[in-house]
Amino acid sequence: MKDRRNNLQKNKLAKNDKNMRPRKGVLSYMRRHWIFYAMLALPILYYYLFSYRAMPGVVIAFKNFNMFKGIWESPWVGLEYFERVAQSKTFWLSVRNMMTLNILGLVLGFPLPIILALFLNEISRAAFKKTIQTVIYLPHFISWSVVGGMMYQIFASSGLVNTIIKGLGGQAVPFLSSNGWWIFTYFIVGVWKSIGWNTIIYLSAMTGIDQEIYEAARVDGCSRFRMMTAITVPCIKDTVAIMLILAVGGLASIGFEQPFVMQNSTVMEVADVVSTFVYRVGLEQGKFSIGTAVGLAQSVINFALVLSANAISKRVSGNGIW
């Protein structure tokens with residue numbers, strides 16, 4: 001009995017020591033690499049100030065906001081501004097345009113970075129591969145203001161593309177003044193700017209694949225295309241599922257910069273989206289409560305879409321964000 005009690009006590013002490021060691025190791029690791037943790041200070045401060053600290057401001061959506069009285073002294077109006085937004089034809093037109101552009105980008109644009117990453121992964125010459133990667137990454141770092149100017153120089157009625165078309169004997173194409181052609185141009189410009197950057201995630205996932213699997217496939221006589229479809233694609237399906245969930249979760253929102261720099265008065269019927277509607281009504285007209293109400297509704301819908309997409313993904317493929 002005594003020996004058994006001593007053994008239990010030793011095991012308990014050993015377990016306590018084991019539990020304490022990682023804690024000490026983590027603190028020691030943080031002290032050694034403190035510079036990396038210090039680099040997190042600015043991002044954390046940014047999200048604290050502009051995301052978490054600003055969260056109480058959503059109550060503006062339920063108040064008749066007066067900037068001289070402030071947020072908390074302004075009178076409550078309940079759901080009045082949500083009702084106004086729901087009765088606005090301009091708002092629903094912007095919702096339709098937003099969903100059209102987002103669904104087009106999801107259906108046609110989502111697979112393109114995956115396909116590009118698969119072909120880049122098959123390039124064996126390192127120098128050529130890095131050159132191609134650099135070229136397709138560069139558009140991501142160009143400001144949308146600059147891209148807007150480039151777009152007008154290329155796609156305007158007297159731009160580069162139409163000059164070439166007319167030089168070949170054709171007629172100018174109204175890329176920026178026709179509704180259908182504007183949507184096409186919007187999609188092409190968006191893909192050109194983002195496709196290279198989006199491939200980074202999939203290429204990173206591909207680098208984590210065990211190379212012995214490819215060696216075994218080569219021994220069995222598999223072609224490179226067969227290895228791509230039978231090994232690479234299944235191994236990155238978890239990453240694809242997560243990115244698809246996030247993309248579906250963003251269907252109810254759209255960036256401001258691209259629609260704003262590309263829209264013009266002749267195509268507002270298809271170019272006016274929710275973000276530009278909020279800018280025009282909330283900032284230009286000073287109706288802050290309406291702008292906040294629209295933003296809050298978007299956040300709730302996006303959250304519901306993420307939950308739904310994650311549940312469907314887990315049911316269909318067994319993979320999800322959580």
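Analyst: When I say helix, I mean a DSSP run of H or I with at least four residues, while a strand is a run of E with at least two, and both are numbered from the N terminus. This is a predicted model, so local features need pLDDT of at least 70, side-chain atom pairs count only at pLDDT 80 or more, and totals for chains, interfaces and linings use all residues. Residues are numbered from 1 along each chain as its sequence is written, and side-chain values use heavy atoms, with hydrogens and water left out.

User: OK. Where is Met39, then?

Analyst: Met39 sits in the loop between α2 and α3 (41-52).

User: Buried or exposed?

Analyst: Met39 is exposed, because its relative accessibility is 58%. The cut-offs are under 20% relative accessible area for buried, over 50% for exposed and partly exposed in between, with a 1.4 Å probe and protein chains only.

User: What kind of surface patch is Met39 part of?

Analyst: A nonpolar one, whose members are Val26, Leu27, Tyr29, Met30, Trp34, Ile35, Phe36, Tyr37, Met39, Leu40 and Ile44, with about 1,100 Å² of accessible area together. Two or more residues each come from α1 (2-32) and α2 (34-38). Patch residues have over 30% relative accessible area and no salt bridge; like charges are joined within 9 Å, and nonpolar side chains (Val, Leu, Ile, Met, Phe, Trp, Tyr) within 5 Å. The areas come from the Shrake-Rupley method with a 1.4 Å probe, and for residues only the protein chains shown count as cover.

User: Now the inside. Which residues touch the most others in the largest nonpolar core?

Analyst: Trp182, Val189 and Met262 do, out of 30 residues in that core. The elements giving two or more residues to this core include α5 (89-109), α10 (179-207) and α17 (288-316). A core here is a set of buried Ala, Val, Leu, Ile, Met, Phe, Trp, Tyr and Cys residues joined through side-chain atoms within 4.5 Å. There's also a second, separate core of 23 residues, with Ile114, Ala217, Ile236 and Ala309 among them.

User: What is Met262 in contact with?

Analyst: Leaving out neighbours within four places in sequence, Met262 contacts Met151, Tyr152, Trp182, Thr185, Tyr186 and Val189. Contact means heavy atoms within 4.5 Å.

User: And Gly190, where's that?

Analyst: In helix α10. Gly190 counts as buried because its relative accessibility is 15%. Beyond neighbours within four places in sequence, Gly190 touches Trp144 and Gln258. Its C-alpha is 10.0 Å from that of Pro259, 69 residues apart along the chain.

User: How many aromatic pairs are there?

Analyst: The whole structure has 14 aromatic pairs. Take Phe91 and Phe277: that pair is tilted, 5.7 Å centre to centre with 55° between the planes. Phe91 is in helix α5 and Phe277 in helix α16, so the pair ties together parts 186 residues apart in sequence. Rings of Phe, Tyr and Trp (its six-membered ring) pair if their centres lie within 6.5 Å; planes under 30 degrees apart are stacked, over 60 edge-to-face and the rest tilted.

User: What about Phe141 and Trp197?

Analyst: The ring centres of Phe141 and Trp197 are 5.5 Å apart and the planes are at 85°, so that pair is edge-to-face. Phe141 is exposed at 57% relative accessibility, and Trp197 is partly exposed at 35%.

User: Switching to charges: how many salt bridges?

Analyst: Four. The criterion is a side-chain nitrogen of Lys or Arg within 4 Å of a carboxyl oxygen of Asp or Glu. In one of them, Arg84 pairs with Glu80, with the closest N and O atoms 2.7 Å apart. Arg84 and Glu80 are four residues apart in helix α4, which means about one helical turn separates them.

User: Which parts does the Arg224 and Glu122 pair tie together?

Analyst: Arg224 and Glu122 form a salt bridge at 3.2 Å, N to O. Arg224 lies in helix α12 (residues 224-235) and Glu122 in the loop between α6 (111-121) and α7, so the pair ties together parts 102 residues apart in sequence. Glu122 is buried, with a relative accessible area of 19%, while Arg224 is partly exposed at 46% relative accessibility.
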